[in-house]
Amino acid sequence: MKKLTLLCLVLLALPAWGTELVVYTYDSFVAWGPALAIKDAFEKAHPGVTLVWIAPGDSSEMLARVVAELELGLPTADVFVGLADVEVPRALARNVFRPLEPERLAHLADVPADLRIGGDAFVVPYDHGYITLIYDARALPDELVPRTLDDLLRPELKGKIVLQDPRTSSPGLSFLLWTIAHYGEDWPAFWEKLLPNALTVTRGWTESFDMLEAGEAPLGVSYSTDEAYAQIVYGELVYRVLTPDGEGFHQVEYMGVVRTTPNAELAHALLDLILSPEIQELIPTSQWMFPANATARVPEAFAAYAVIPEHPVSLDLDTVAANLSAWIRTWQEILVAR
Amino acid sequence: MRSEQPNAPLWGQRRRGWRAGGAWALLPLAFLGLALFLPLWEVLRLGLQADGLWTAAPLRSVLGDPYIRRLLLFTVEQALLSTGLSLVLGFPLGWLLTRYRFPGHDALRAMTLVPFVLPPITVALGFVLFFGHAGYLNRFLQAAFGLAEPPIRVLYTLWGIVLAHAFYNAPVVARFVNVAWEAQDPTHVEAARVLGAGRLKAFFTVTLPALVPGALSACALVFLLCTLSFAIPLSLGGARYATIEVGVYNLARVDVDLARAAALALVVLAVSLALTCLYVRGGGLLRPVSSREREQPTVPLLDRKRPARLLWLVYLLPAALVFLGPIGAVIADSFLRPAPGGSSPTLHWYRIALSADTTPFLGTSPLGSILTSLGVALAAAGGALILGLAISAAVRRLRSRVLETLLMAPLGVSSVVLGLALLLAFRRPPLSFLPPGPWPLVVAHILIVYPFVVRAVGPLWESLDPRLVEAARTLGASRRLAFLTVELPLLRSGLLVAGARAFALSLGEMTATAMLARPGLNTIPLAIYQFLSSRRFGAASAMATVLMVTTALVAWAWERTGRGLLGRREKAFLASDSHRGGAEIAEPVERVASGFMPDDKAVRGLKAVADRLRRYREPIHSTTDVLRVSAVRKHRRNHA
């Protein structure tokens, strides 16, 4: 018991040696994205500060963690990176963020106005892209490749589609909202047939993409930049992007400062660093998204292969805010009812 | 003949008895009040109050939700199916263990205890690796039969959960059946056979009816365990299948709707209390009564004259696949899964699992998780031993059913509810006054494991002949000395086993832990779950192998050093402050023993005391000296 107390004291004393800035994000931002480069650049600019990335889940799961920790009075993050636009209303309703001080974000001026929301009061965008379907060109024969959303219901595709859970993952939520925008009131009927056709619904995007890469399923929901990924990483288009009906759901990703942080100044410095061209230029080929900063240069291969859908789809955030929990509840009932 | 245990009424004339017994009961009652009843009150308040008024509205709203109703239905459905499959898989194993002798019989019997300490998350991981679409079994079948598609698709379905539960619980059924069967008197079957019944008829009319109570009792326990299962449905259910336990977790930690979580937790609490009562009450009625006069005869399994017995292979081979496959897959995968460069076997996954690079995906460094796990398990085992001893003592002295039920209450509280209760209680005083640290985890684990200590130590203590202590007291030993030299050593084996088991259970606990986890507070099972749910299989296997090896090693080392430690303590106590050798008084004690109720358990006990005294050649304690004097005096009187 004495030893344990001692151990606890030592463990507790460790973080007290320097300032720690804890940043929550989704797992792929660390596993693929520019997280480590950001850490290096930030720690170089702020000696004595340690930047800690915490990313055990996809974005909605991480948002839930912050909300739970705020609600339960537990220690929590200083900064949250990686909130999809459609998740912003939920985060604001839960009072997660503190008001931003835009004068501390010098690089925000280079971000186009159409990506920014709510007068930059709580969150600022750092990248954007399109949720589409992708398929493994080596595993899915041409005649099975879906051209419309309705094609996903074909019985030949049974057990070949990987989806993400909209309750825990932002691409999953974006895909659900895309179908709601596409089908209107009839969206539950579509999902009642889609879910039995799917192989599985994963908690996050990382898991579903891993299943694709492992050859467990040839078709899934992912990003329109995956052809650029395939071309640059594999040297050939092993993954093809599908824009059924010419559509793709526009997704903008945001970041903000958590309400309880004692390090607001450092937190703003971090947001500004992520918006700087230095980091923004890493986003295309690590995060595989379009940078938010308009002055950031994009590699040619990326620009050539990243698909931009003919008809980008998005939903009005006020509509999302008003209906999201009812939609999720309906989706959940369809999921368990079959 | 055997005298009754001395009773002390809770209230009444015997004030001394109440004081002594009350003191024993006070510590556990105070602890449970703060750590269990107060937190449960918080859940009750949150789940049954709206705007400060008591109302059933939150409960009604939760029970009216079609999604929650579906969860309840699914929970019952999978528990029933799991119980059925456990019975089907476990009964033959119980039969095999009772009726046949074969090489490895005792090892197999011992292995039926393994699921009691095997962490559920390692079983879940084993199932993903072994039965998964790209798992070992499918890959083998595809290669063997040239199949294009994986033939076995049980993962992320109802059947995956049921199979994993059966894996876990069939050995429980086997054990119950084995015990019930061995308690039967073989002459009954023989009588039936003599009276002309065929072998089948004798089995169905004599053997089977006598096994029904044991099997029913086992089924009640398995149903209870499967209803309250958490780690397996959480990891094997995918998005679609969830039990009510997982539902509470999702409401509290994913939707962060604490009021609804508390309301559903009350439903879970009612279910778990009801099932536990049913099992504890019913289990007592159904416990097999040993009526036998001799042991059950066994026959060799491998007999050249009886080739039909080889039909057991039809059961044994698939059973070995189901039981050994998943565990083997975890250990094999941790070494054999090819590293990114393609090399295999490799230690790459151990390096990954233990390196600081994985910290962002766990929320804590892997080494930090391991240290937290070990520290919490040590504290929980220590706390559970103290609490368990105090409760056993209190229940022994104050025979009160109410008190006993109160003191054993955590048995009926599901771990996820306990986690939620502590999560809520640690937000406000008095528990929020504790300095930051892993306290919520330690408290939760103590509450989860101490009932096992009581159940191991209580009956053992009860079975000790009270005259052993009485004899020592008459011989002049103080209550304390009598406890340390007579009772504690006799309880030692039970305490050691209970301590090791408490430690192992705490190491593998994931339900309350998942509810209480927060940044910087992570354990090994949670790390495995996080690796598994993000499909970092190699790292998950490495971590799970570390957990299984640690559990086995620690349980073994605990047994070894524990014996030594307890022995030293007794020795130190006897050796302190005195001037005579133990051997000197051992002899009179022995002589007293032989003149004192010959050929009785008490005599054997006294002889054991004498033996122990004789082993210490060092000078002995003055109290022991008194013991010697009075022993000699008593001896003289007896022989006068």
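User: Which residues have the most contacts inside the largest nonpolar core?

Analyst: The largest nonpolar core has 267 residues. Such a core is a set of buried Ala, Val, Leu, Ile, Met, Phe, Trp, Tyr and Cys residues joined through C-beta atoms within 7 Å. Buried means 20 or more other C-beta atoms within 10 Å of the residue's own, exposed means 12 or fewer, and partly exposed lies in between; C-beta atoms are placed from the backbone. The residues with the most contacts inside this core are B:V248, B:L420, B:I528 and B:M543.

User: Which element gives the most to this core?

Analyst: Elements are DSSP runs numbered from the N terminus: helices (H or I, at least four residues) and strands (E, at least two). With 16 residues, the top contributor to this core is α16(B).

User: How many residues are in the other core, the one with B:L468?

Analyst: Another core lies apart from the largest one. Among its members are B:L468, B:V469, B:A471 and B:V486. Its residue count is nine.

User: What pLDDT do local features need in this predicted model?

Analyst: Residues are numbered from 1 along each chain as its sequence is written, while chains are lettered from A and ligands numbered from 1 in the order in which they are written. This is a predicted model: totals for chains, interfaces and linings use all residues, side-chain atom pairs count only at pLDDT 80 or more, and local features need pLDDT of at least 70.

User: Where in chain A does pLDDT stay under 50?

Analyst: pLDDT is the predictor's confidence in each residue, from 0 to 100. Chain A averages 90, and 95% of its residues score at least 70. Where pLDDT is low, the predicted coordinates should not be read in detail. In chain A, pLDDT stays under 50 over residues 9-16.

User: Which residues does B:M543 touch, beyond those up to four places away in sequence?

Analyst: Touching is judged by contact, with two C-beta atoms, placed from the backbone, within 7 Å. Leaving out residues up to four places away in sequence, B:M543 touches B:A353, B:I524, B:A527, B:I528 and B:F531.

User: How far apart are the C-alpha centres of the two domains of chain A?

Analyst: Domain bounds come from an automatic or database domain assignment. Domain 1 covers 10-128 + 251-298, and domain 2 covers 130-250 + 308-337. The contact between them takes 23 residues from domain 1 of chain A and 25 residues from domain 2 of chain A. Their C-alpha centres lie apart by 26 Å.

User: Why is β9(A) largely enclosed by the rest of the structure?

Analyst: One way from β9(A) point A:E247, A:F249, A:Q251, A:E253, A:M255 and A:V257. The other way point A:G248, A:H250, A:V252, A:Y254 and A:G256, and all of these are buried as well. β9(A) is largely enclosed because its buried residues number 11 of the 11.

User: Which strand runs parallel to β9(A)?

Analyst: Strands pair if DSSP finds at least two bridges between them. β3 (residues 79-84) of chain A pairs with β9(A) in the antiparallel sense over five bridges, with A:A84 opposite A:E253. β4 (residues 123-136) of chain A also runs antiparallel to β9(A), over eight bridges, and A:H128 is the bridge partner of A:V252. Three bridges join β9(A) to its parallel partner, strand β11 (residues 311-313) of chain A.

User: Which element gives the most to the side of chain B that touches chain A?

Analyst: The contact takes 33 residues from chain B and 40 residues from chain A. Two or more residues on the chain B side come from each of α3 (66-99), α11 (244-254), α15 (359-362), α16 (366-397) and α23 (524-533). The one giving the most, with five residues, is α16(B).

User: Is A:W288 buried or exposed?

Analyst: A:W288 sits in the loop between α12 (283-286) and β10 (290-291) of chain A. Its phi is near 55°, a positive value in a residue other than glycine. Most residues other than glycine have a negative phi, and most peptide bonds are trans. With 23 other C-beta atoms within 10 Å, A:W288 is buried.

User: Which residue does a cis peptide bond join to B:P429?

Analyst: The loop in question runs between α18 (415-425) and α19 (439-463) of chain B and holds B:P430. Omega is about 0° at the cis bond, which joins B:P429 to B:P430.
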